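Hello,

Here is the structure I promised to pass on. My notes follow below it.

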Amino acid sequence: MTDDAKTELIERQRSPLNLESPLPALTDSFLTPNNLFYVRNHFSIPEISAADWQLRVEGAVERPQTIAYDQLRQWPGQELTVTLECAGNHRAVLRPKAKGVAWERGAVSTARWAGIPLHEVLNACGVTSKAVDVIFVGSDAGIVPDEPKQPPAGTQFSYSIPVERALRGNVLLAYEMNGEELPQEHGFPLRAIVPGCFGMASAKWLKSIVVSDSPFRGYFNTLDYAVWHSDAQNVKHRVALGEMPPKSMINSPGHLDLVPVNGHFAIKGSAWGGDAPIVRVEVSTDEGKSWRDAQFIGDAVPHAWRFWQFAWPAPRLRGATVILARAIDADGRMQASAHDPNNGPYVIDHSLPLKVYVRG
Ligand SMILES: Nc1nc2c(c(=O)[nH]1)N[C@H]1C(S)=C(S)[C@@H](COP(=O)(O)O)O[C@H]1N2
Ligand SMILES: [Mo]
């Protein structure tokens, strides 16, 4: 880390360690440098030596396997650029104040990951037709604060994704991040990267992968990282979070910034979402009354954020105004205008009003 306070991770929690990316890390480069990539932990960071480590793949498979680190590195690898966002990113804006780490805007980052495709490992093991979920089991465990329902021995970090997603072809078991060996805090020696899903699916410090023949009911898929959904009869069900909805954020100007009157001001930001690519970002400079298209900067990269800008033509009136941005994906889904209370302290994906002062 450098001495420059602007380019250091921001500490949100010391134990377990939770660090948020500073604004320059979200704007200066498409790939977030490893030392500025947000860090989200539920327990203390395990120290694992590659020589002693192995990955166990078991459960509803015909040929369970144990793979050593060296074997894994010999497997033909693949690279993918993927944006990770914690489902609690932007939680600090919620009122009343929500429980959990008070993330502002920096629990999102993008890296180029290298690893082996999960579906190849699963296919080598022969997934049976009974398979329902694929559980990533991490090497970290501990006590979950404020949670009376945890097993007395402590809770291990584990998270499952549906077998369809696991076999889709774009889930990676990653050992490299931005061309470097995976840093310890980001999951050394091996982590999952699940494109399009909130960060909790990208389990770090993998110890085993268990193919389950029944729906997995682990703590992080049910009590934590779950939201309420109402069915057709208006009955509420608790469902695990998965795919990210479309979301944009304004990186510049900042809240309460001054904007020159009669100038040409560039509003800049980023946008990302789930499996459907972001195809449009709209900006409003009149508190949401009218919307105009922003321009994308650079080509679309599947499952990575897109940077955009909007040339705000000469704000003529002095005074305060509210600017907003909203992202739209290829399925026509539009970023929400308000936080859905069913999502509780997660999925804070709505357009955030940003107040600026136009001054001469
Ligand atoms: N084993 C393990 N994996 C984990 C976590 C964890 O606490 N333990 N946190 C998850 C969450 S909630 C997020 S948002 C991402 C964050 O990844 P990062 O720390 O590399 O940014 O890791 C996920 N994988
Ligand atoms: Mo997260």
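Ligand 1 has 18 residues around it, and Y38, D140, H186, R191 and K204 come nearest. (A residue is near a molecule if one of its heavy atoms lies within 4 Å of it.) The model is predicted: local features need pLDDT of at least 70, side-chain atom pairs count only at pLDDT 80 or more, and totals for chains, interfaces and linings use all residues. Residues are numbered from 1 along each chain as its sequence is written, chains are lettered from A and ligands numbered from 1 in the order written, and side-chain values use heavy atoms, with hydrogens and water left out.

The shell around ligand 1 holds 9 nonpolar, 5 polar and 4 charged residues. Here Ala, Val, Leu, Ile, Met, Phe, Trp, Tyr, Cys and Pro count as nonpolar, Asp, Glu, Lys and Arg as charged, and the others, Gly among them, as polar.

Now the distances to oxygen atoms of ligand 1. For R191, a polar side-chain atom lies 2.7 Å from one. For H42, a polar side-chain atom lies 2.8 Å from one. For R40, a backbone N or O atom lies 2.9 Å from one. Ligand 1 exposes 540 Å² when taken alone, and the protein buries 100% of that (accessible areas by the Shrake-Rupley method, 1.4 Å probe).

Best wishes

Terms used:
A polar contact is a pair of N or O atoms within 3.5 Å; within protein, one must be able to donate a hydrogen and the other to accept it, and residues adjacent in sequence count only if both atoms are side-chain atoms.
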